[in-house]
Amino acid sequence: MRLGVLDVGSNTVHLLVVDAHPGARPLPAHSHKADLRLAQLLDPAGAIGPEGVDRLVTVVREAMVAAEDKGVEEVLPFATSAVREASNADAVLTRVKDETGVDLRVLTGEEEARLTFLAARRWFGWSAGKLLVLDIGGGSLEIAYGMDEEPDAAASLPLGAGRLTAAWLPTDPADPADVKALRRHVRAQIARTVGEFSRFGAPDHIVATSKTFKQLARLAGAARSADGLYVQRELKRKSLEDWVPQLAAMTTQERSELPGVSEGRAGQLLAGALVAEGAMDLFGVETLEICPWALREGVILRKLDHLPAS
């Protein structure tokens with residue numbers, strides 16, 4: 001069957017269309033996305049403003065038209081931290097449903113971590129042993145650890161690259177004092193969770209998903225996305241530590257000119273790098289591998305698991 005997953009994230013609204021059936025890997029057929037930056041559109045009271053809601057409704061409607069055009073049989077719509085934590089979330093969800101017919105399922109942070117972990121487990125297989133999975137989104141950082149398809153521990157922290165950029169790095173280029181304060185905040189937040197994971201022992205394989213990690217790996221010399229999904233891509237902590245001060249000294253425009261960095265993500269790359277560096281340092285990670293699959297694939301795989309075999 002042809003499935004669509006509609007991901008209303010903190011940075012983008014992304015429709016991924018795949019051809020899939022139980023027991024087989026989902027094959028991407030179409031991708032439709034729009035930059036929305038919901039995590040950066042919250043007002044001081046934590047609500048998504050009228051302009052943001054209008055834009056969200058328009059983008060969701062456009063995504064559903066694209067799904068119909070591509071022959072999608074079923075769309076799996078969900079929203080993550082930006083909608084989840086908005087003070088007017090219920091009103092936003094009601095309006096989206098009334099005007100588009102789409103009933104967005106709001107994932108908890110732990111659900112995000114668990115579904116992303118499932119995607120990584122399926123990608124790397126059982127031979128990868130105990131997995132530690134890190135995922136930096138626009139609104140949150142997800143961490144999961146385990147031996148099976150369900151992680152033994154999963155956590156979601158409010159350390160998304162978009163959220164932190166809006167709250168902590170108001171100038172361009174960033175003020176060194178702001179960078180130092182954000183670094184301290186990030187590490188304090190992550191340090192609170194390390195004990196929860198360390199009691200399970202050292203992981204056998206450490207992986208990361210998300211656009212932020214992919215861009216940081218590309219800066220550190222990993223293969224381009226054009227080289228395909230199956231090229232192994234790694235990020236070493238030493239390389240990341242070398243890049244962080246360089247990113248901190250750059251303007252958003254200068255970052256956008258770096259290899260693999262999109263113009264839309266350049267502004268939040270520094271915050272993402274500080275989160276990645278903090279997580280790798282506090283969890284004792286020297287090298288991690290980039291996983292091409294993440295939350296959207298996890299949602300699709302979970303759906304396929306519940307379909308009857310043909």
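**Close-up views of a predicted model**

**View 1. Strand E9 pairs with strand E11.** In this predicted model, strand E9 (residues 205-209) and strand E11 (residues 287-290) run parallel and are joined by two bridges. Alanine 208 has isoleucine 290 of E11 as its bridge partner.

**View 2. Strand E10 also pairs with E11.** Here the strands run antiparallel. Three bridges link E10 (residues 234-236) to E11. Leucine 235 stands opposite leucine 288 of E11.

**View 3. Leucine 288 and its contacts.** Beyond residues up to four places away in sequence, leucine 288 touches Leu134, Ile206, Ala208, Phe213, Arg233, Glu234, Leu235 and Met280. Leu288 is also among the residues with the most contacts inside the largest nonpolar core. Ile190, Phe213 and Leu247 share that listing. This core has 50 residues. Helix H11 supplies its largest share, nine residues. A second core is separate and has 29 residues, including Leu38, Val72, Ala79 and Ala82.

View 4. H6 spans residues 176-198, 23 residues in total. From first C-alpha to last it reaches 32 Å, close to the 33 Å expected at 1.5 Å a residue. Aspartate 175 caps the N-terminal end of H6. One of its side-chain oxygens lies 2.7 Å from the backbone nitrogen of alanine 177. Further along, H6 has a kink of about 30 degrees, centred on arginine 192.

**View 5. The buried residues of H6 and what covers them.** Buried in H6 are Val179, Ala181, Leu182, Val186, Arg187, Gln189, Ile190, Thr193, Val194 and Phe197. An α-helix has 3.6 residues a turn, so residues three or four places apart point the same way.

**View 6. Glutamate 112, a buried residue of helix H4.** Glutamate 112 sits in H4 (residues 109-124). Is its place buried or exposed? Glutamate 112 counts as buried because its relative accessibility is 6%, and the cut-off for buried is under 20%. Its side chain makes a polar contact with the side chain of arginine 84, at 2.8 Å. Leaving aside neighbours within four places in sequence, glutamate 112 is in contact with Thr80, Ser81, Arg84, Leu107, Ser140, Glu142 and Leu295.

Note on methods
Residues are numbered from 1 along each chain as its sequence is written. This is a predicted model: local features need pLDDT of at least 70, side-chain atom pairs count only at pLDDT 80 or more; totals for chains, interfaces and linings use all residues. Side-chain values use heavy atoms; hydrogens and water are left out. Helices (H or I, at least four residues) and strands (E, at least two) are DSSP runs, numbered from the N terminus. The expected span of a helix is 1.5 Å times one less than its number of residues. The bend at a residue is the angle between axes fitted to the seven residues ending there and the seven starting there. Buried means under 20% relative accessible area, exposed over 50%, partly exposed in between (1.4 Å probe, protein chains only). A polar contact is a pair of N or O atoms within 3.5 Å; within protein, one must be able to donate a hydrogen and the other to accept it, and residues adjacent in sequence count only if both atoms are side-chain atoms. A nonpolar core is a set of buried Ala, Val, Leu, Ile, Met, Phe, Trp, Tyr and Cys residues joined through side-chain atoms within 4.5 Å. Contact means heavy atoms within 4.5 Å. Two strands pair if DSSP finds at least two bridges between them.
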